[in-house]
Amino acid sequence: MERERKIRRIIVFTALMILAMLGLFAGIAIGNVSISFKEALLVLAGQETGKNAAIITDIRLPRAIMTFILGGGLAVSGFLLQTYFANPIAGPYILGISSGAKMAVALMLIFIVGSTGRTSSMMLVMAAFAGAVISTFFIIMISRAVRNMGILLAAGIMIGYICSAITDFLIAFADDSDIVNLHGWSQGSFSGTDMGTVKYAAVIVFTTFILVMLLSKALDAMRLGETYARSVGVNVKACRVLVILFSSVLSACVTAFAGPISFIGIAVPFLVRELLKSSKPIVLVPASFLAGSVFCMFSDLLARQLFAPTELNISAVTSLFGAPVVIYMMIRRRGNHEA
Amino acid sequence: MKLNSAQAGYGKKIVVDGVTLKIGKGEIITLIGPNGGGKSTLIKSISGSLKLIGGSVLIDGSNLAKMSVKEISRTMSVVTTERVKPVLMTCRDVVMLGRLPFTGAMGVFGPEDEKETAKALELMNIGHLADVPFSDMSDGQKQRTLIARAIAQSPKYLVMDEPTSYMDIKHRLELMKVIKELSESGITIVMSLHELELALEVSDRLLLVYDDGHVLIRTPDEVITQGLLKELFDLDDEMYKRVISGLGLDKDIQGKDKVPEDGAVSLNEKKHCTYFVNRQCEYYPCHDVSDEKFSCLFCYCPLYGVKDCGGEYFVNEKGIKNCKNCGFVHDRDNYPKVIKKLKENMYGEGGSR
């Protein structure tokens, strides 16, 4: 069993790495302007300049890196929420946390940016974080009052609707110029990413990722519930606060830079758990990150290539693949235990 | 470990009051008392998962309330009644989590941890189940896994709430043996038990937790000779008599002649109540005796080998049926003999204490 798991681990991680490399490269090489693989390689090696080189370094490369970073961040955020609520169907999108972040960003774009005309990545992230924390807070309040997971999820979806409704109100009363910005963004898309924002996102996501890894021992203990976690020396309260903080930072960061993206947060950690046949956080967190990246990169590729030059929003693609996974999860859960 | 007039309870409501007790190294203290009397509350307070309302718990001289969870985890391990539902963890994984306090910042297990885990698995007799997913195990096996987890934590103090729940009689007795071994190796054990016969046998001292929240600390002998069980469980004479005779202690009491007026046991009246025949039992009738002799109260029959019971029986898919002249019949008078037989089966001839 242990041996089998180790082998699984090696296979899964190797496969994920290869897929991630492949995804990154595909994101760079494939696009509306056809650039040969060879040329793309040369550009990456810095040996070619020109129009195609600009397309790659200014448009495709940042976008590919961004999908890699944010996809991973989203999956880890989902993993943390699932740990917190002890429920495999929890995720930033379904619990309304992404929508909360989206509402806060919309508020900021319209009222602050609209009146001052200034915007920065930092402001976006802060606003999204505030929104994410507020919805998370509501969800936690509700989870205190009801123990039923079905109700909690329904409440999360409702919070999501309320936030979306408010966002829509705002859009209705906003200036046309703001709406243009807002609309593309609120659908969830990676288009228009530049290297500057990539750097921001990279710093935030990787820092949080490392902190989450440092928390993995506590998360490991939490698998047997709070009492046993405490009995092996975990400060349960601090751990719970950190889990919520980190997951909010991650989902806020994703929402700020790419808009709300559905289902990666739920489907990916589940699939990774099943693939690895393990629920050990120290293995699951990096695996979820990689798998989230892979899932997100290929979804983005599909979103922009399927009906090119028209771009789909990425949630359409992630929902298409993610939702069936979640339905399968729920059916299996019912089959196995009393949900 | 020392308890100084400890008051345990939830919020401001005191459930158990005024517990003062000094527990020596390697001692076995068992909490007994009626359901809802506060055994679990007291256990939770001792293990530090519930704050005391008043008084203090001292562990090796330092106040439990002031110790960090890390410090506590290196001296004490717990088994609770809480049901856990870990996903995708094998039995070994669960047991190994007991080793977390001894790992580094990332919680990676070393060879020492593997060794302790294997030892705990062996001790609880679940080595063969190590690779079985926790969710696929029976309730009794899960319980044994959680106890193994607590043992793997190499504690000085082992605090267990109803450790025998979900276990069958064989594993209960095995657990009692393990508990004795642990206490001989210097581990102090505080636990609550439902089974009076086990509590009386294994404990050094009993902590009687009454419904109204007061407690008494007595040795097992004192509990019986002072007739304390009657008041503890609010039994009437008839019920108490039955309990005592079920424990196989009525003759002892008669012999010692120490029975106080209140709760005295008289062997002259031997009324039997058919209340103790469970005709719904899938094994009924396992013995060919009349109903007034039959007692299902202490039935563990299908769980032990009765090949040499000396009776005549036939066997169907439900096990042995209609055993005539059985040496280990479910007669309440026969219970001590049944237990003795069980122990012989487990520890070998002459292995009983």
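Student: Which residues touch the most other members of the largest nonpolar core?

Tutor: Among the 176 residues in that core, L70(A) and L229(B) touch the most other members. Bear in mind that this is a predicted model: local features need pLDDT of at least 70, side-chain atom pairs count only at pLDDT 80 or more, and totals for chains, interfaces and linings use all residues. Residues are numbered from 1 along each chain as its sequence is written, chains are lettered from A and ligands numbered from 1 in the order in which they are written, and side-chain values use heavy atoms, with hydrogens and water left out.

Student: What makes a set of residues a nonpolar core?

Tutor: The set has to consist of buried Ala, Val, Leu, Ile, Met, Phe, Trp, Tyr and Cys residues joined through side-chain atoms within 4.5 Å. A second, separate core has ten residues, including A40(A), V43(A), I56(A) and L61(A). In soluble globular proteins, nonpolar side chains tend to be buried together.

Student: Which residues is L229(B) in contact with, leaving aside neighbours within four places in sequence?

Tutor: Among them are I32(B), L196(B), V223(B), Y240(B) and L247(B). Contact means that heavy atoms lie within 4.5 Å.

Student: Why is R223(A) called buried?

Tutor: Buried means under 20% relative accessible area, exposed over 50%, and partly exposed in between (1.4 Å probe, protein chains only). R223(A) has 16%, so R223(A) counts as buried. D220(A) has 3%, so D220(A) is buried as well.

Student: Which pair makes a salt bridge between chain A and chain B?

Tutor: The count between the chains is one, and D93(B) meets R5(A) at 2.7 Å, N to O. The whole structure has 20 salt bridges over all chains. R63(A), D300(A) and R304(A) are even linked in a network of them.

Student: How far apart are R172(B) and E195(B), N to O?

Tutor: Their side chains meet in a salt bridge at 3.0 Å. This pair links distant parts of the chain, 23 residues apart: R172(B) sits in helix 6 and E195(B) in the loop between strand 8 and helix 7 of chain B. Both are buried.

Student: What makes E201(B) and K180(B) a salt bridge?

Tutor: Their closest N and O atoms are 3.7 Å apart, so they come in within the 4 Å limit. E201(B) is in helix 7 and K180(B) in helix 6 of chain B, 21 residues apart.

Student: What covers the buried residues of helix 8 of chain A?

Tutor: The cover includes helix 3, helix 5, helix 9, helix 11 and helix 13 of chain A. Among the buried residues of helix 8 are V198(A), I204(A), F209(A) and M213(A).

Student: What is the area buried between chain A and chain B?

Tutor: Buried area is the accessible area (1.4 Å probe) that two parts lose on being put together, summed over both. Here that comes to about 2600 Å², with 62% from carbon and sulfur atoms. K217(A), L224(A) and Y228(A) supply 29% of the area that chain A buries against chain B, more than any other three residues. Across the interface, 27 residues of chain A are in contact with 34 residues of chain B.

Notes. Helices (H or I, at least four residues) and strands (E, at least two) are DSSP runs, numbered from the N terminus.
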